[in-house]
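Visitor: Hi, I've got a model open and would like to talk it through. Can you help me read it?

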Amino acid sequence: LLIIACTLVPFAVAFERRRPMARELVVIATLVALTVAGRAAFYWAPQIKPVSALVIVAGVCLGAESGLLTGAMSAFLSNFFFGQTPWQMFGFGLIGFLAGVLFRPGALPRGRVALCVYGGLSTLILYGAIVNFGSLLMFGSTALNWAGLLAVYASGLPFDLVHAAATVLF
């Protein structure tokens, strides 16, 4: 948890140092509100949430720091309804940050196909790996071995695939 906090704090400080305009903060707040509302609206469908897609849009359109902030705040606020886990904050934040880095002008094309491929792969590989590893840590020290890691990743794979497909769809 300390590693996650130490990772997120520098980006929040960098975001504040660049003195964002009020209109950018309003857009970020609106995207965060949409992700929280979207996650709550789809509570009945496990892993089918628009959060990753909106976080990626924030990173692509507003930059890496804004993507990280949108992802972390979306998980933080929506988890008041679903239970707090910093692993989701870190996972969504990382997806938004990397979207901002990879899709900055001139790096990768901002077409629909590239965004869908990035959304599916980042949700499946990055977010899934982070959240599954967090689940393994919550099981306790007896599960911290290769067999435990393989079991957690294998049991989480169906959920990660649905989440990745939903991200592509949204």
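This is a predicted model: local features need pLDDT of at least 70, side-chain atom pairs count only at pLDDT 80 or more; totals for chains, interfaces and linings use all residues.

Visitor: Okay. Is E16 buried or exposed?

Guide: E16 counts as exposed, at 54% relative accessibility. The cut-offs are under 20% relative accessible area for buried, over 50% for exposed, and partly exposed in between, with a 1.4 Å probe and protein chains only.

Visitor: And how far is E16 from E65 in space?

Guide: Their C-alpha atoms are 9.6 Å apart, while E16 and E65 sit 49 residues apart in sequence.

Visitor: Let's zoom out. How many helices and strands are there in the protein chain?

Guide: Seven helices and zero strands, so the pattern along the sequence reads α-α-α-α-α-α-α.

Visitor: What is the radius of gyration of the protein chain?

Guide: The radius of gyration is 16 Å, close to the 15 Å that the globule rule gives for 170 residues, so the chain is as compact as a globular protein of that length. That radius is taken over C-alpha atoms, and the rule is 2.2 Å times the number of residues to the power 0.38. Along its principal axes the C-alpha trace spans about 50 × 35 × 30 Å.

Visitor: What share of the residues is buried?

Guide: Buried residues make up 41% of the 170. If you look at contacts between residues at least 6 apart in sequence, 68% join residues at least 24 apart; a contact means heavy atoms within 4.5 Å.

Visitor: How many positive and negative side chains does the protein chain have?

Guide: There are 9 positive and 4 negative side chains, and the centres of the two sets lie 5 Å apart. Lys and Arg count as positive, Asp and Glu as negative, with His and the chain ends not counted. The charge is placed at NZ of Lys, CZ of Arg, CG of Asp or CD of Glu.

Visitor: Switching to aromatics. How many aromatic pairs are there?

Guide: The count comes to six aromatic pairs. Rings of Phe, Tyr and Trp (its six-membered ring) pair if their centres lie within 6.5 Å, with planes under 30 degrees apart called stacked, over 60 edge-to-face and the rest tilted. One of the pairs is F42 with F170, edge-to-face at 5.4 Å centre to centre and 75° between the planes.

Visitor: Where do F42 and F170 lie?

Guide: F42 is in the loop between helix 2 and helix 3 (51-62), and F170 is in the segment after helix 7 (146-169), so their pair ties together parts that are 128 residues apart in sequence. F42 counts as partly exposed at 25% relative accessibility, and F170 counts as partly exposed too, at 41%. Ring pairs also bring in W44, giving a cluster of F42, W44 and F170.

Visitor: What about F92 and Y127, what kind of pair do they form?

Guide: A stacked one, 4.4 Å centre to centre with 25° between the planes. F92 is in helix 5 (residues 86-102) and Y127 in helix 6 (residues 112-139), 35 residues apart, so to speak a link between distant parts of the chain. F92 is buried at 3% relative accessible area, and Y127 counts as buried at 5%.

Visitor: Back to the helices. Which residues is S74 in contact with?

Guide: Leaving aside neighbours within four places in sequence, S74 is in contact with V32, T35, V36, V51 and V55. S74 lies in helix 4 (residues 64-82) and counts as buried at 1% relative accessibility.

Visitor: And G119, what does that one touch?

Guide: G119 touches I56 and T167, not counting residues up to four places away in sequence. G119 is found in helix 6 and counts as buried at 3% relative accessibility.

Conventions
Residues are numbered from 1 along each chain as its sequence is written. Side-chain values use heavy atoms; hydrogens and water are left out. Helices (H or I, at least four residues) and strands (E, at least two) are DSSP runs, numbered from the N terminus.
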